[in-house]
Amino acid sequence: ISHTVFVEGTFAADRRRGIEICEGIIRKGLHKKIKWFCETRVDRVDEEFLSKIKEAGCEEVDFGVESGDEEILRKSKKGITIPQVKKAVRLAKRVGLKIGCYFIIGHPHETKESIKKTYKLARELNPDILSVGIMIPYPGTEIRRMAKKGEGNYRLVSSDWKEYTKQRGGPLEMKNLSINEIRKIQSRGYMKYYLRPSKILFILKNFPLKKITKIMKSLLKESLF
């Protein structure tokens with residue numbers, strides 16, 4: 001094994017345990033043999049912690065940012081602020097980690113203006129990996145309850161489980177934004193972000209050409225129709 005991932009929504013939610021894991025990896029010499037990445041929250045990291053995971057062989061840390069609109073973050077009860085996001089990304093870059101940032105479009109009462117704020121923040125953060133998912137009303141969630149009642153400016157348009165995929169969306173749309181409009185915004189946002197010289201070089205270096213071609217065809221199709 002040369003690479004692995006900690007499949008935990010918030011790596012080191014218990015900071016002390018996270019440090020102990022890293023120290024154990026270093027003590028056993030695994031940091032010289034195995035590279036890994038993890039996901040965590042921006043309010044759970046500081047420079048000391050990020051330096052420790054880097055020392056232990058972590059190559060990339062991914063943050064769930066969700067929105068570039070402070071009001072949406074507050075209402076969604078995410079419990080983070082945009083200044084915290086900027087600080088966490090800045091510190092992670094400082095210690096030499098690759099960065100992944102995850103966003104969602106389609107929050108309750110989302111508008112084109114709030115989505116613009118999300119993409120503006122994404123460009124400012126300039127992570128190595130940008131992922132922008134479309135809100136999905138998974139069973140048992142508050143979003144599902146709101147969608148069924150027509151709250152949050154939502155319209156539930158499908159209960160077909162095949163549609164429940166965050167990178168394409170389908171079961172949920174806004175009364176002011178159809179699912180096709182949301183998909184166009186998502187696809188165009190990806191292209192504007194990744195079709196820049198620095199990102200093109202990163203993509204060519206890290207992904208096979210066949211996969212790049214497949215993704216680009218999909219994005220072009222969604223953005224044009």
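Here are legends for close-up views of this predicted model.

Residues are numbered from 1 along each chain as its sequence is written, and side-chain values use heavy atoms, leaving out hydrogens and water. In this predicted model, local features need pLDDT of at least 70 and side-chain atom pairs count only at pLDDT 80 or more, while totals for chains, interfaces and linings use all residues.

**View 1. The largest nonpolar core has 57 residues.** Such a core joins buried Ala, Val, Leu, Ile, Met, Phe, Trp, Tyr and Cys residues through side-chain atoms within 4.5 Å, buried being under 20% relative accessible area (1.4 Å probe, protein chains only). Look for Trp36, Ile53, Phe63 and Phe103, which have the most contacts inside it. Helix 7 (residues 179-194) gives the largest share of this core, seven residues; helices are DSSP runs (H or I, at least four residues), numbered from the N terminus.

**View 2. Helix 1 (residues 15-27) meets helix 2 (residues 47-55).** Their axes, lines fitted to C-alpha atoms over the stretch in contact, come within 9 Å and cross at roughly 30°. The two helices are therefore roughly parallel (angles under 35 degrees). Contact (heavy atoms within 4.5 Å) joins Arg15, Gly18, Ile19, Cys22, Glu23 and Ile26 of helix 1 to Glu48, Phe49, Lys52, Ile53 and Glu55 of helix 2.

**View 3. Helix 4 (residues 82-94) lies alongside helix 5 (residues 112-125), with axes that come within 11 Å and cross at roughly 25°.** That makes the pair, helix 4 and helix 5, roughly parallel. Helix 4 brings Ile82, Val85, Lys86, Val89 and Lys93 to the contact, and helix 5 brings Leu121, Glu124 and Leu125.

Methods: Buried means under 20% relative accessible area, exposed over 50%, partly exposed in between (1.4 Å probe, protein chains only). Axes are lines fitted to C-alpha atoms, for helices over the stretch in contact, and angles run from 0 to 180 degrees between N-to-C directions. Angles under 35 degrees count as roughly parallel, over 145 as roughly antiparallel, 65 to 115 as roughly perpendicular and the rest as oblique.
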